[in-house]
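User: Hi! I'm new to reading protein models, and I'd like to learn how to go through one feature by feature. Could you walk me through this one?

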Amino acid sequence: MKGELPHTLARGQFPTSDTDLHVCLISEEAGFDLRTSELAPAPPKPVPAYPDAKAQFHVGAYCGPILASVGTFTLEDIDSDQGSQSFGHSWRIRGMATAKDFRRCGFASAVLEHGLREIRRCRGLLVWCNGRTTASSFYRYHKFEQIGGERQLPGLQPHFRFRRVIEHLHHP
């Protein structure tokens, strides 16, 4: 990887400096193995996983040279009854995954916050996702509101739909 950072952390340790945590845009291919291993039992989606997306980007958080967390953000409207004023400006989080040894260490939060900054830059108004029930506290912590009850689809883990309005800085 170009610009590799020295590996200064043991797995499972909290990043203590900026050299321990590096967040950036990545290729979809770079995150494929991590998504495949951590999102099981959901079947892996071959690259490109979202070929019909109007726009998309992928974010990775590294612990030194190790890819610890990934997320994909696609320009995708939420159901019409859930935010019609944001049509054409809604982004969906897809394939968010963090390696087991790096959970609860800030890597997923770094991926999400980087993604939100990119969405603001693109003038997005809303971000939403279908988050696993086990990740509910993560999304609530990051100011997402739950929409409706738990969903159960064949072959997938139970999940909730979450959304968050994007705040934009207003300059006088």
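Analyst: Happy to! Let's begin with burial: a residue is buried when its relative accessible area is under 20%, exposed when it is over 50%, and partly exposed in between, using a 1.4 Å probe and protein chains only. Here, 41% of the 172 residues of the protein chain count as buried. Keep in mind that this is a predicted model, where local features need pLDDT of at least 70, side-chain atom pairs count only at pLDDT 80 or more, and totals for chains, interfaces and linings use all residues. Residues are numbered from 1 along each chain as its sequence is written, and side-chain values use heavy atoms, with hydrogens and water left out.

User: What is the mean pLDDT of the protein chain?

Analyst: The idea first: pLDDT is the predictor's confidence in each residue, on a scale from 0 to 100. For this protein chain the mean is 86, and 83% of the residues reach 70 or more. Residues 1-9 have pLDDT below 50, and beyond near neighbours in sequence this stretch has 18 contacts in the model. A contact means heavy atoms within 4.5 Å.

User: How many helices and strands does the protein chain have?

Analyst: Helices (H or I, at least four residues) and strands (E, at least two) are DSSP runs, numbered from the N terminus. The protein chain has 3 helices and 7 strands. Along the sequence they follow the pattern β-α-β-β-β-α-β-α-β-β. Contacts also tell us how the chain comes together: among those with a separation of 6 or more, 66% are between residues 24 or more positions apart.

User: Which residues have the most contacts inside the largest nonpolar core?

Analyst: A nonpolar core is a set of buried Ala, Val, Leu, Ile, Met, Phe, Trp, Tyr and Cys residues joined through side-chain atoms within 4.5 Å. The largest one here has 33 residues, and Phe73 and Ile93 have the most contacts inside it. Strands E1 (21-26), E2 (56-63), E3 (66-75), E4 (90-98), E5 (126-132) and E7 (159-165), together with helix H2 (107-121), each supply at least two residues of this core. H2 gives the largest share, 6 residues. Leaving out residues up to four places away in sequence, Ile93 touches Thr72, Phe73, Leu112, Val127, Trp128, Cys129, Tyr139 and Phe144.

User: Is isoleucine 119 buried or exposed?

Analyst: Isoleucine 119 counts as buried because its relative accessibility is 0%. Its place is in helix H2. Among the residues that isoleucine 119 touches, not counting those up to four places away in sequence, are Phe57, Phe73 and Trp91. The C-alpha atoms of isoleucine 119 and tryptophan 91 are separated by 7.3 Å, although the two residues are 28 residues apart along the chain.

User: And is threonine 98 buried or exposed?

Analyst: Threonine 98 is buried, since its relative accessible area is 10%. You will find threonine 98 in strand E4.

User: How many residues line the largest pocket?

Analyst: Picture a 1 Å grid over the protein atoms alone: a cavity is a set of points where a 1.4 Å probe fits but cannot get out, while a pocket is an open set with protein on both sides within 12 Å along at least five of seven lines, and lining residues have an atom within 4 Å of a point. The largest pocket is lined by 41 residues, and Leu39, Met96, Ala97, Arg132 and Tyr139 lie nearest its centre. Helix H1 (28-38), E4, H2, E5 and helix H3 (136-141) give two or more residues each to this lining. E4 provides the largest share, 7 residues.

User: Where are the cis peptide bonds and positive phi values?

Analyst: Another joins valine 47 and proline 48, with omega about 0°. Proline 41 has its place in the loop between H1 and E2, and proline 48 is found in the loop between H1 and E2. Arginine 104 has a positive phi of about 60° although it is not a glycine. Arginine 104 lies in the loop between E4 and H2 and is exposed, with a relative accessible area of 81%. For arginine 123, which is in the loop between H2 and E5, phi is near 65°.
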